[in-house]
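User: I have a model open and want to go through a few local features. Can we start with contacts?

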Amino acid sequence: MKSKRYDGYRSFQYLQEGVDYKPFRLCKEIGRVPTYRVPVSEQEEERVNRILDQELIISLHDHAFVVPEDVTEIWEYRRAGREWTGYEGLAASRLDVVFDNFMDGTAMITSKAGWKWNDVLHDLGMRFSDIAHQEMVFIAGNVDDFYRAKETGRIALVPALEASTMIENELDRIDILYGFGVRMMGIAYSEANSLGCGLKEKRDGGLTDFGRKAVQRMNRIGMAIDVSHSGDQTSLDTIEVSEKPIFITHVGARALWDSPRMKPDDVIRECARKGGVIGIEAAPHTTLTKNHPQHSIESYMEHFEYIANLIGIDHVAFGPDTLFGDHVGLHRVFAGALSIKSAQGSSAFQEVEYVKGIENPAEAFPNIVRWLVAHGYSDHDIGKVVSGNIIRVLEEVWNVRRVVAAQSLTTEKQPARMAEEGAGAQARGAGRPRLAAADTTQ
Ligand SMILES: [Zn+2]
């Protein structure tokens with residue numbers, strides 16, 4: 001097993017605890033709850049290890065932070081504006097790349113409602129400062145960084161935000177967030193915003209005119225788009241309007257579990273038809289099924305198989321949405337702020353204390369790969385779902401500088417025609433082989 005370059009660093013240890021900041025008693029990153037291993041034979045475990053060592057392992061959606069042991073302290077923890085990253089747990093996770101969603105809608109440093117522009121920037125800057133003081137995790141801005149992480153025993157962290165609420169009515173804030181390192185943004189969280197509707201809204205009016213412009217801006221900048229928490233119509237509109245494939249980074253199938261947090265077949269199909277990828281969600285009490293109403297890796301993987309059968313193995317990945325700490329307790333504390341109840345819908349389920357087998361970032365991927373090996377998936381298919389599919393979409397979405405370079409070369413020859421074609425030409429250019437001359441830009 002290849003190990004990560006972890007030297008025991010703890011968040012903010014470059015400062016003086018108790019003098020520069022107030023410490024919190026945090027959860028154990030490993031062993032907080034009994035570890036569960038998906039049962040495989042010794043031979044299969046060898047294959048699992050080989051796959052984890054050889055393939056790039058990408059989590060499309062997680063929160064790699066550590067929660068206070070007493071979850072009711074989360075408000076004070078949030079107001080202090082310092083989120084502790086779970087380096088020890090990440091070192092054991094076998095992850096090479098993690099899309100981290102920072103404080104999500106709970107960056108409540110100056111407000112109780114979250115999503116404030118200043119608070120989101122505070123959150124980004126504070127995490128980046130901490131990350132800059134250690135060696136193992138680094139902020140990734142392109143796909144080459146992913147391979148660099150694998151080769152050098154480090155972890156590439158991709159900053160993502162689950163909604164665009166903080167841009168208010170300012171398109172330029174998308175540029176600014178990109179400049180600060182953000183590489184993926186959701187459209188709306190539970191509540192509607194200036195772009196479109198979240199999944200909580202009873203009447204989903206779809207993308208607003210401003211939302212269309214924001215999607216176009218994200219396409220041009222090279223910001224990946226996510227509609228995990230958006231309403232169904234807003235999701236369909238985003239898929240249609242976007243010139244690039246989009247992600248639904250952490251969801252399940254509503255056909256298996258009837259809640260607004262799951263996506264109906266038509267949204268899943270449309271996302272795949274445009275080339276997009278669906279990541280499977282494992283936050284407590286989300287991806288349940290009638291066969292497995294007690295949330296565990298079994299219900300999780302039932303959603304994976306259903307969606308893979310519906311749209312093909314080329315369009316599925318994993319976005320477990322885990323964290324280090326009591327996720328169920330956190331949901332209770334944040335029930336109002338994050339609209340947990342309305343997202344869960346009305347179906348009855350058996351509450352669990354944690355999701356067995358996929359409780360935190362450290363145990364998620366080893367167990368996902370064990371499950372896939374135990375269920376007869378080929379190395380080739382496993383490679384696709386742990387990273388290949390995500391890379392394919394990111395190559396298209398993120399590499400805009402190369403596309404613009406290609407376009408400007410053509411523009412020199414045919415200025416009038418290119419001006420007419422505008423953004424459409426840019427989108428079509430994305431699928432073409434990239435120019436070697438422009439390769440130094442990424
Ligand atoms: Zn989420």
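Analyst: Two residues are in contact if their C-beta atoms, placed from the backbone, lie within 7 Å. This is a predicted model.

User: OK, which residues does Glu135 touch, not counting those up to four places away in sequence?

Analyst: Glu135 touches Arg5 and Asp7.

User: Where is Glu135 placed?

Analyst: Glu135 sits in the loop between α4 and β3 (137-139).

User: What about Phe12, what is its phi?

Analyst: Phe12 is not a glycine, yet its phi is positive, about 65°. Phe12 is in the segment before α1 (42-54). Phe12 has 19 C-beta neighbours inside 10 Å, so it counts as partly exposed.

User: Now helices. At what angle do α8 and α9 cross?

Analyst: Roughly 15°, with the axes of α8 (residues 232-241) and α9 (residues 265-273) coming within 10 Å. That angle is why α8 is roughly parallel to α9; the cut-off for that label is under 35 degrees.

User: Left-handed or right-handed crossing?

Analyst: Left-handed, as α8 passes α9.

User: Which residues meet there?

Analyst: From α8, Asp232, Ser235, Leu236 and Ile239; from α9, Val267, Glu270 and Cys271. By type, the residues of this contact are four nonpolar, one polar and two charged.

User: Last topic, strands. How many bridges join β7 to β8?

Analyst: Three, and β7 (residues 247-251) runs parallel to β8. Phe247 stands opposite Val277 in β8.

User: Which residues are on each side of β8?

Analyst: In a regular strand the side chains alternate between the two faces of the sheet. In β8 (residues 277-280), Val277 and Gly279 are on one side, and Ile278 and Ile280 are on the other. All four are buried, and both faces of β8 are covered.

Technical notes:
Residues are numbered from 1 along each chain as its sequence is written. This is a predicted model: local features need pLDDT of at least 70, side-chain atom pairs count only at pLDDT 80 or more; totals for chains, interfaces and linings use all residues. Axes are lines fitted to C-alpha atoms, for helices over the stretch in contact, and angles run from 0 to 180 degrees between N-to-C directions. Helices (H or I, at least four residues) and strands (E, at least two) are DSSP runs, numbered from the N terminus. Angles under 35 degrees count as roughly parallel, over 145 as roughly antiparallel, 65 to 115 as roughly perpendicular and the rest as oblique. A crossing is left-handed if the near helix is turned anticlockwise from the far one by less than a right angle, and right-handed if clockwise. Ala, Val, Leu, Ile, Met, Phe, Trp, Tyr, Cys and Pro count as nonpolar, Asp, Glu, Lys and Arg as charged, and the others, Gly among them, as polar. A residue is buried if 20 or more other C-beta atoms lie within 10 Å of its own, exposed if 12 or fewer, and partly exposed in between; C-beta atoms are placed from the backbone. Two strands pair if DSSP finds at least two bridges between them.
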